[in-house]
Amino acid sequence: MKKTDYIIVGCGLASIAFCEQLRAQNKSFMVFDDASQKSSIVAAGLYNPVILKRFTEVWKAKEQLDIALPVYKTLERDLNITIDNKLKLLRRFTSIEEQNLWFNACDKINLEPFLSTQILKNTNPFIDAQYGFGQVLQTGRLDTEVLIKAYKAFLTDKNWFFNTKFQYNKLQIATNKLNYEDIEAQYIVFSEGFGVKQNPFFKHLPLNGTKGEVLTIKAPDLKLDFGIKSSVFLVPIGNDKYYVGATYNWKDKTHLTTEEGKNELVAKLRTFMTCDFNIINQRAGIRPTVKDRRPLVGRHADYKNLYILNGLGTRGVMIAPYVADKLYKYIENKQPLDPEINSNRFQ
């Protein structure tokens with residue numbers, strides 16, 4: 001019988017952030033993941049503290065960034081990878097009214113650290129932006145695909161990773177311990193993204209799931225070294241390649257790419273980018289979105305050693321280390337969870 005402090009189910013952004021909490025505190029853990037959930041890998045990986053549709057602050061943006069960025073720095077060092085790419089992010093204005101709304105937002109105390117008061121003129125011949133741009137500060141792009149691949153390799157090297165589907169019916173729950181096959185653990189944390197809909201312990205929670213599709217294009221003439229948020233995001237990833245995304249589909253719960261998704265993204269991109277490009281990849285994933293737009297963090301109502309870390313929605317890069325920190329302190333230090341994120345709000 002192998003003994004461990006924690007079993008973690010899933011290996012996306014939330015799971016990795018929680019594993020890093022455990023690693024920092026010398027807790028032992030084992031991770032199960034069958035790569036069935038794609039949202040963390042498909043994500044463009046932008047972190048951005050402002051909701052750019054309405055010029056409002058992301059929930060707890062400063063606290064999230066203060067916790068997240070050091071975690072990613074540690075991961076870069078320990079895994080010998082580069083994942084945190086600082087990226088200038090500009091919001092394209094479509095009217096004088098939008099410029100005025102931007103200036104109004106700049107005056108708000110919570111947004112002041114994140115918005116530049118200077119309107120930038122467009123100098124790129126292949127971008128249509130006659131009203132200019134506003135710059136968002138403290139932004140970047142996390143290479144989620146590189147991170148997840150490297151983290152799985154790291155776990156595998158330590159014999160902490162099982163590349164297999166977790167079988168819920170094999171979990172035996174006792175008062176002070178759990179048994180799963182030949183593993184005995186104190187706690188289990190389910191962090192499966194949209195896969196929680198198959199989890200008999202937490203499938204009652206209102207995680208709806210929103211499908212998103214993203215294109216990778218090659219546009220050799222564009223020569224853009226910053227990201228643009230307009231009707232879609234346009235994000236440079238090197239070698240004349242760019243991410244274009246993303247769609248929002250609340251009905252389709254498959255990971256299949258669609259012609260409709262591709263056409264929607266191309267049509268929106270064409271509203272402000274004029275040069276030729278080739279589509280070189282298209283990907284889809286189901287974001288773990290919750291109806292009240294807050295994460296699902298907490299303990300099972302009946303089983304005191306079963307926990308959930310999920311529902312990060314569209315902002316997993318920023319929020320994952322924040323909620324992982326909260327869950328760890330809840331389990332180990334008995335620090336109460338913020339009612340806004342506590343999964344028991346839906347019991």
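## Pocket, sheet and cores in a predicted model

The second largest pocket has a volume of about 150 Å³. Residues lining the second largest pocket are Ala-17, Glu-20, Gln-21, Arg-23, Ala-24, Val-71, Thr-74, Asp-78 and Pro-321. Two elements, helix H1 (13-24) and helix H3 (61-79), each give two or more residues to that lining. The largest share comes from H1, with five residues.

**The sheet**

Eight strands make up an open sheet with mixed pairing, and their order is S8-S9-S7-S16-S17-S18-S15-S19. At the edges are strand S8 (115-120) and strand S19 (278-287), each of which pairs on one side only. From one strand to the next, the twist averages 25°.

Within this order, strand S7 (residues 89-92) and strand S16 (residues 227-229) run parallel and are joined by three bridges. Arg-91 has Lys-229 of S16 opposite it. Helix H4 (residues 96-106) lies across S7, S8 and strand S9 (133-136), and runs at about 150° to S8.

The model has a largest nonpolar core and a second, separate one. Their sizes and some of their residues are set out below.

| Core | Size | Residues, among them |
|---|---|---|
| Largest nonpolar core | 63 residues | Phe-18, Leu-147, Tyr-151 |
| Second, separate core | 24 residues | Ala-185, Ile-188, Phe-201, Val-290 |

Phe-18, Leu-147 and Tyr-151 are the residues with the most contacts inside the largest core. Helix H7 (residues 316-333) gives the most to this core, contributing 11 residues.

Apart from its neighbours within four places in sequence, Leu-147 is in contact with Leu-13, Ile-16, Tyr-72, Leu-75, Leu-79, Ile-81, Ile-83 and Leu-142.

**A loop residue**

His-255 sits in the loop that lies between strand S18 (241-245) and helix H6 (259-269). The relative accessible area of His-255 is 29%, so this residue counts as partly exposed: buried means under 20% and exposed means over 50%. Along the chain, His-255 and Lys-211 are 44 residues apart, while their C-alpha atoms are separated by 7.7 Å.

Technical notes: Residues are numbered from 1 along each chain as its sequence is written. This is a predicted model: local features need pLDDT of at least 70, side-chain atom pairs count only at pLDDT 80 or more; totals for chains, interfaces and linings use all residues. Side-chain values use heavy atoms; hydrogens and water are left out. Two strands pair if DSSP finds at least two bridges between them. Helices (H or I, at least four residues) and strands (E, at least two) are DSSP runs, numbered from the N terminus. Axes are lines fitted to C-alpha atoms, for helices over the stretch in contact, and angles run from 0 to 180 degrees between N-to-C directions. Contact means heavy atoms within 4.5 Å. A nonpolar core is a set of buried Ala, Val, Leu, Ile, Met, Phe, Trp, Tyr and Cys residues joined through side-chain atoms within 4.5 Å. Buried means under 20% relative accessible area, exposed over 50%, partly exposed in between (1.4 Å probe, protein chains only). On a 1 Å grid over the protein atoms alone, a cavity is a set of points where a 1.4 Å probe fits but cannot get out, and a pocket is an open set with protein on both sides within 12 Å along at least five of seven lines; lining residues have an atom within 4 Å of a point. Grid points are joined across faces, edges and corners, and a volume is the space filled by probe spheres set on the points.
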